Amino acid sequence: MALRRLRERPPIPPFREGTFTSRLHDERIAAWLGIGLGVTFGICFITGLLSHLIQQPPSWFHWPPRPAGLYRVTQGLHVATGIAAIPLLLAKLWTVYPRLWTWPPARNIAHAVERISLLPLVAGSLFLLLSGLQNIARWYAWAFFFPAAHYWATWITIGALVVHVGAKLAVTRQAIARQDVPVAARTGSLSRRGFFAAVAGAAGAVTLATVGQTLRPLRTISLLAPRDPDIGPQGLPVNKTSRSAGVRESARDPSWRLRVDGAVQRPLELSLDELRAMQQTQAVLPIACVEGWSAEGTWRGVRIRELLSRAGAEPGASVRVTSLQEHGKYKASDLEPSHASDPQTLLALELNGEPLHLEHGFPARLIGPNRPGVMQTKWVSTLTVT
Ligand SMILES: Nc1nc2c(c(=O)[nH]1)N[C@H]1C(S)=C(S)[C@@H](COP(=O)(O)O)O[C@H]1N2
Ligand SMILES: [Mo]
């Protein structure tokens with residue numbers, strides 16, 4: 001008797017009907033915001049997964065060196081859709097939060113599963129978007145390694161998202177197909193259309209204010225972008241500095257030599273002058289950072305494939321490129337055969353018509369087409385053929 005009464009009549013205010021009065025806590029709005037989030041999360045997921053595969057390729061995965069600017073586009077999209085999703089997610093959470101207090105809390109098992117999956121969905125989404133935002137602002141406030149945490153949180157979030165979309169598909173369809181019956185506006189209350197305009201406007205504004213860090217024409221309105229792609233020595237931003245890499249002495253040491261070793265017939269040790277005396281190749285290529293900024297430079301240097309053939313490496317070799325930097329995640333990178341043999345993959349000695357600045361990798365750095373910035377190793381000391 002008492003139990004039935006409890007089921008029918010929720011005990012305390014938030015569970016009681018009529019607690020939340022705004023018309024904007026509405027199924028139709030929730031449905032459209034859900035679609036917006038589905039699109040932005042979808043693009044963000046695919047481009048993010050791609051970036052992960054490029055940096056940690058399983059044996060079946062091969063990322064081509066062409067088109068040269070493709071990674072710049074996919075990673076620019078990853079960061080732009082992640083940023084645009086933030087106002088969409090906040091609006092969605094606000095629209096649906098009254099439903100946290102439905103009574104009874106679960107009608108049946110399926111309903112319970114659907115509701116429990118909201119916890120990883122909401123927590124995972126907030127974590128991904130906010131830690132991503134912190135990362136591009138280079139505010140490393142966490143004890144964990146960001147790429148690994150970001151990667152694993154993605155699978156949890158996407159799993160929960162699949163459950164959620166499956167559970168809400170029918171409701172979303174209905175809500176969108178339903179004719180929107182105009183309700184007489186209550187004074188002081190935002191209309192649905194006004195709310196949509198505000199949320200879409202916010203998503204558009206944060207996108208326009210940040211995407212200039214990779215889309216040059218929008219650079220001047222890039223008020224919120226963490227990076228201006230034009231500012232830095234030789235007109236290019238710097239991520240890792242020579243000081244934090246601990247190479248200020250070793251990179252300027254006149255006894256520096258490039259070593260080419262590993263599976264070669266003639267291991268090489270070349271001075272900077274010897275490298276400068278070799279045939280020089282020029283390439284206009286972007287640095288495309290995982291953080292979403294990118295900037296183009298005119299690079300000049302020696303083709304990696306030229307160095308390999310001089311050392312007598314087998315054609316189709318892979319190469320490990322090692323830096324003078326002794327510690328850190330990005331002190332080395334790997335060149336797959338297609339990248340090692342590409343005519344634009346260079347050991348660069350010059351940038352924009354001048355010898356490479358110390359901060360951009362003097363005396364020599366790797367630069368190649370269609371590679372994430374983290375794989376464009378600076379202050380190179382050794383090429384090891386594998
Ligand atoms: N040795 C070394 N090379 C490195 C890095 C590094 O930390 N160490 N950072 C990379 C990253 S994350 C980027 S985006 C590019 C940036 O190149 P830039 O500083 O010349 O613009 O360098 C790459 N090369
Ligand atoms: Mo980067």
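Reader: What makes β5 and β10 a pair of strands?

Author: Five bridges join β5 to β10, and the two run antiparallel. Strands pair if DSSP finds at least two bridges between them, so β5 and β10 meet the criterion. Within this pairing, Ser323 stands opposite Val380 in β10. The model is predicted: local features need pLDDT of at least 70, side-chain atom pairs count only at pLDDT 80 or more, and totals for chains, interfaces and linings use all residues. Residues are numbered from 1 along each chain as its sequence is written, and side-chain values use heavy atoms, leaving out hydrogens and water.

Reader: How do you know that β1 also pairs with β10?

Author: Four bridges join β1 to β10, in parallel orientation. Asp261 stands opposite Thr384 in β10. These strands, like the others, are DSSP runs (E, at least two residues), as helices are (H or I, at least four), numbered from the N terminus.

Reader: Why is β10 called mostly covered?

Author: Five of the six residues of β10 are buried, which means under 20% relative accessible area with a 1.4 Å probe, protein chains only.

Reader: What makes a set of residues a nonpolar core?

Author: The set consists of buried Ala, Val, Leu, Ile, Met, Phe, Trp, Tyr and Cys residues joined through side-chain atoms within 4.5 Å. The largest such core has 33 residues, of which Leu258, Leu275, Leu307, Leu347 and Leu383 touch the most other members. Elements supplying at least two residues each include β1, β5 and β10, while α10 gives the most, with four. A second, separate core of 14 residues includes Leu37, Phe41, Ala85 and Phe195.

Technical notes: Chains lettered and ligands numbered in written order. Buried < 20%, exposed > 50% of the residue type's maximum accessible area, 1.4 Å probe, protein only.
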